[in-house]
Amino acid sequence: MFRFPLVLILFFVGCFEYEETILFRKLSSGTVEIAYTVPLKRDSNDSLIKFLPTSKEEIINSVKKKSNNNLQVRDFTFRELEKSETTDMYFKRKGKVSYKLDFEDPLHLDGVLIGTFSIKSKPRSLTVKRDFPNLTDNAILDSSAGEKKIISETSRLLKEGRIQFKVLFPKDSECSSNRGFIGLGNLTYQIPLQETLENPDSKTWEYKIRFF
């Protein structure tokens, strides 16, 4: 569903928020909760970011198209933000979407989540690797004239922008990670968008969970 360059969502920093939480109940099953805020078209509730739709039907179709699995979309919600909830000068209308995906095998998440997602499974452990590409000149050249203007106007507003990831797992498990903060039964990682623009290296996030 969301295997696409991170750059495609960075264009809309002034109106974009993305939060992803993966709950590993045990080695082979769990739930992903996704929530994001996107700009809307003037005359409809359709998202201006085609990879982040605002209708349940589009999300279901995208999940089925990108992953050969039985992932189930549930608890879908959508609402248009009130004018008092946003101060964005470029996008007057925004919508907030949230939903959950239940999985019986974490391998089914490959191709569904943002960036790239790969996983190696052993009898009592999981190793997950995520890669997040950066904003590049090539990506800007591939954009339309309108998108280039948006990039030019919003890229300087990235000081506070970030994308939030959280991983939850049984509290008696062990977790190690090359990025983020590890707590009791949880791991959090935030991508600061300003760093993503300024650092030419791709962001790789890898973590391992041992189950007991």
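1. R130 and E20 are both buried. In this predicted model, the two residues form a salt bridge, with 2.8 Å between the closest N and O atoms. The pair joins distant parts of the chain, since R130 belongs to strand 6 (residues 125–132) and E20 to strand 1 (residues 17–26), 110 residues apart.

2. A salt bridge also connects the side chains of D75 and K100, at 3.6 Å from N to O. Here D75 sits in strand 3 and K100 in strand 4, 25 residues apart. D75 is partly exposed, at 43% relative accessibility, and K100 is partly exposed as well, at 23%. Both residues belong to a network of salt bridges that links R74, D75, K100 and D102.

3. R93 pairs with E80 in a salt bridge whose closest N and O atoms are 3.0 Å apart.

4. In helix 2 (residues 56–66), the buried residues are I59, S62 and V63. They lie on the same side of the helix because they cover an arc of only 100° around its axis. Residues three or four places apart in an α-helix point the same way, because a turn takes 3.6 residues.

5. What do the buried residues of helix 2 pack against? Their partners are strand 2 (29–39), strand 3 (72–80) and strand 4 (94–103). E57, K64 and K65, on the other side of helix 2, are exposed.

Notes: Residues numbered from 1 in each chain as written. Predicted model: local features only at pLDDT ≥ 70, side-chain atom pairs only at ≥ 80, totals over all residues. Heavy atoms only, no water. Buried < 20%, exposed > 50% of the residue type's maximum accessible area, 1.4 Å probe, protein only. Helix = DSSP H or I, 4+ residues; strand = E, 2+ residues; numbered from the N terminus. Arc of directions from axis to C-beta. Contact = heavy atoms within 4.5 Å. Salt bridge = Lys/Arg side-chain N within 4 Å of Asp/Glu carboxyl O.
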